[in-house]
Amino acid sequence: MIDETTSRRAALKCLGVGAGTLFTLSSGVFGAVDLTQAATVTQIGTPLFVQISDTHIGFNKDANPDVIGTLNRSIDMVNALPQQPSFAIHTGDVSHLSKAEQFDTAQQLLKRLRVSELHVVPGEHDVTDGPGTEFFARYGKPSNNKGYYSFDAGGVHFIALVNVMSFKAGGLGALGDDQLAWLKDDLSGRAASQPVVVFAHMPLWTIYEPWGWGTAEGDQLAAMLRRFGSVTVLNGHIHQIVQKVEGNITFHTARSTAYPQPTAGNGPGPGPLKVPPDQLPTMLGVTTVAAVSRTGPLALIDSTLA
Amino acid sequence: MIPKALRHALTAAILLSCAVPAIADPNMVVMKNFDYSPMSLTVPVGATVTWKNLDGEPHTVVSIDGAFRSQALDQNDTYSFTFKKAGTYKYVCSIHPKMMAAIVVK
């Protein structure tokens, strides 16, 4: 019989974990563990889902002329997991310019993911036509074209939010009153012991206001989530990992599969960052989320293409 | 020694290559380094304004009151709109709403 710890360690090796970091939460205390040692210090549960973000299909500039290739490599990485997560989320910017052919290409590529479901929220690049016609034609069904909806899986309550449709001129992403009212209703009466995962494209907390890296109603959202024992907030948009823990809430942004962006305030704006070719794979990747226990905090495992 | 005629031709070529679109077309707004330039442009009624994105990141031109809206403009893409009514038209980039500017039509 194969020792469980050994098989988990082997599984982690399959993730290409040399560059990875495992984030764990214990009683609200946040700890980062190098993945090469993770199997010996913590129990990693079955992958619950995988997060892919900012695929930007249609992008073809110097920062990465082959975004299809890097998305394919990201998908291969997920498909090579020894235990497949049951579903995937895409936290937006599926396309670069909201064009039908870009969405079509992305859809064809993402079909290769060995998961039963793909949940997608729009990024601002996906809705540059205003109403998001192309995006919602493909991904609007679960939300009746509103973009925000919730579902339960593996005992966890998942909430998909949209903060790119009613942006505030001059400022941050926004949820809007209708969505906040819906969310209040969705959370009311829900047991505080149920783990909650919230995902949206733009960061749901303010990372860097001058670049619009945040959401106007972030504080209201955090107040609504505070009573829950385990809350994980996942975003994309900034093409790099930034995390924060506030009480029982873990905020975490994912890498892009397409191209990196500068760190906050470093340069004229949040545009594509050109790095030496050998560095690019270390700055692209996906996030795998595992349930450690039924009601406990979730483990976030960031894997790069390197 | 460069002949005089060639020298003049070279000077003209250098001047032309240095000319930015905003100078070539008074009704042009460029998007560069996550800003519109100029940030305020005054034009007569009936004028057509053209926006050109010089950044490697796409931008849009979306008027606050809904009068006009471009598609996502990739690098070197342009968008034009003809202003038929007087007024002040504030607009933003819907991808980077920190980018704000205005067209004043008189």
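How many residues does the contact take from chain A, and how many from chain B? Select the two chains of this predicted model and look where they meet: 21 residues come from chain A and 19 residues from chain B. On the side of chain A that touches chain B, seven residues are nonpolar, ten are polar and four are charged.

**Chain A as a whole**

Of its 306 residues, 48% are buried. Among contacts in chain A with a separation of 6 or more, 69% join residues 24 or more positions apart.

**Helix α3 of chain A**

Now select residues 67-79 of chain A, which form helix α3. This helix has 13 residues, and the distance from its first C-alpha to its last is 18 Å, close to the 18 Å expected at 1.5 Å a residue. Colour its buried residues: A:V67, A:I68, A:T70, A:L71, A:S74, A:I75, A:M77 and A:V78. An α-helix has 3.6 residues a turn, so residues three or four places apart point the same way.

Move to chain B and select strands β1 (residues 28-32) and β4 (residues 48-53), which pair in the parallel sense over four bridges. Here B:M31 stands opposite B:N53 of β4(B). To find one of the residue pairs, select B:K52 and its bridge partner in β6(B), B:T78.

Key:
Residues numbered from 1 in each chain as written. Chains lettered and ligands numbered in written order. Predicted model: local features only at pLDDT ≥ 70, side-chain atom pairs only at ≥ 80, totals over all residues. Contact = placed C-beta atoms within 7 Å. Nonpolar A, V, L, I, M, F, W, Y, C, P; charged D, E, K, R; others polar. Helix = DSSP H or I, 4+ residues; strand = E, 2+ residues; numbered from the N terminus. Expected span 1.5 Å × (residues − 1). Buried ≥ 20, exposed ≤ 12 C-beta atoms within 10 Å, placed from the backbone. Pairing = 2+ DSSP bridges.
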